[in-house]
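Q: Could we go through this model together? I would like to begin with the strand pairing and then turn to the packing.

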Amino acid sequence: LYGSADGIEWHPLQDGPMLPPKPPEVKNWWYDSQNVVFWSTVEECYVCYFRLTDVYRSVARRTSPDLVHWSDLELMEYGDTVREQLYTNQTHPYVRAPHISLAICARFMPGRQVLSDEVGDELGFLKDPSGTGYWHDCSDAVFMTTRGGNHYDRTFMEAYIRPGPDPANWGSRCNYPTRGVIETAADELSFYV
C-alpha cells in the first residue's frame, strides 16, 4: 500500500502486502489478476474485489475499515445464472450514482476457438507456457452491477463488448476493459478496452 499527497511522489504506508496472503492449505488462486479497491459509500468501508479460481475463474471480495484490517473473503454470487469464467472484474462505483457499482469484466471462454492456427500464427498471438497459442480460446466482456454485499446482478447475460470484425480480437486475453466509467461529456459516458 502506497500513498501520495500529489500523485507524483509515492511512499509506502505499511510494511508487507496490503491484503492478507492466501492460506497455504488453499489450493485455488487468489489475487492473480487486476485487483480493485475503493471506498464504498454504501457499506462505509473499503472493498477489494479480486479474482479467485477454483474450477471457474470467479470474483471474491474482502472489506476493511482502514486498509489494514481485512475481513475474511466472501465469494460473489451471481443469482440464478450459469457459471462462467470471469477473468477480471473492474468493479467500481458508478460516477452518477455511487451507491451502485458497475463491473465491466472480461469473460474468458476456454476452448472456443474461432481463428485457424494459421491466422493465429499470422497475427502473432502470444503463446502460453505450454506452447499453445492464445487464439485457441476467446474473450468478450460482460456487464454486471452490485449495491454492496456479495451479490452481482447478471440481468444482461449476453456480451456487452463483442470481438467484432477484426480477427485480432478473436483470441483469448482480448477485449479487456480497464477500470472506470468516466464522463466524457454532459450526456456521454466512456470506458476503455
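**Strand pairing and cores**

A: Strands β10 and β11 run antiparallel and are joined by nine bridges. Please note that this is a predicted model.

Q: Which residue of β11 is the bridge partner of Leu-102?

A: The partner of Leu-102 in that strand is Thr-145.

Q: And why is β11 largely enclosed by the rest of the structure?

A: Eight of its nine residues are buried, so β11 is largely enclosed by the rest of the structure.

Q: Turning to the packing, which residues of the largest nonpolar core touch the most other members?

A: That core has 14 residues, and those touching the most other members are Tyr-49, Val-59, Met-76, Tyr-78, Leu-86, Met-144 and Tyr-152.

Q: Which strands each supply at least two residues of this core?

A: They are β4 (36-40), β5 (45-53), β10 (97-109) and β11 (138-146). The most is given by β5, which contributes three residues.

Q: What other core lies apart from it?

A: There is another core of nine residues, and its members include Met-18, Phe-50, Leu-52 and Trp-70.

Q: Is Thr-53 buried or exposed?

A: Its relative accessible area is 8%. Because buried means under 20%, Thr-53 counts as buried.

Q: Which residues is Thr-53 in contact with, leaving aside its neighbours within four places in sequence?

A: With those neighbours set aside, Thr-53 is in contact with Asn-28 and Trp-29.

Note on methods: Residues numbered from 1 in each chain as written. Predicted model: local features only at pLDDT ≥ 70, side-chain atom pairs only at ≥ 80, totals over all residues. Heavy atoms only, no water. Core = buried A, V, L, I, M, F, W, Y, C linked by side-chain atoms within 4.5 Å. Buried < 20%, exposed > 50% of the residue type's maximum accessible area, 1.4 Å probe, protein only. Helix = DSSP H or I, 4+ residues; strand = E, 2+ residues; numbered from the N terminus. Contact = heavy atoms within 4.5 Å. Pairing = 2+ DSSP bridges.
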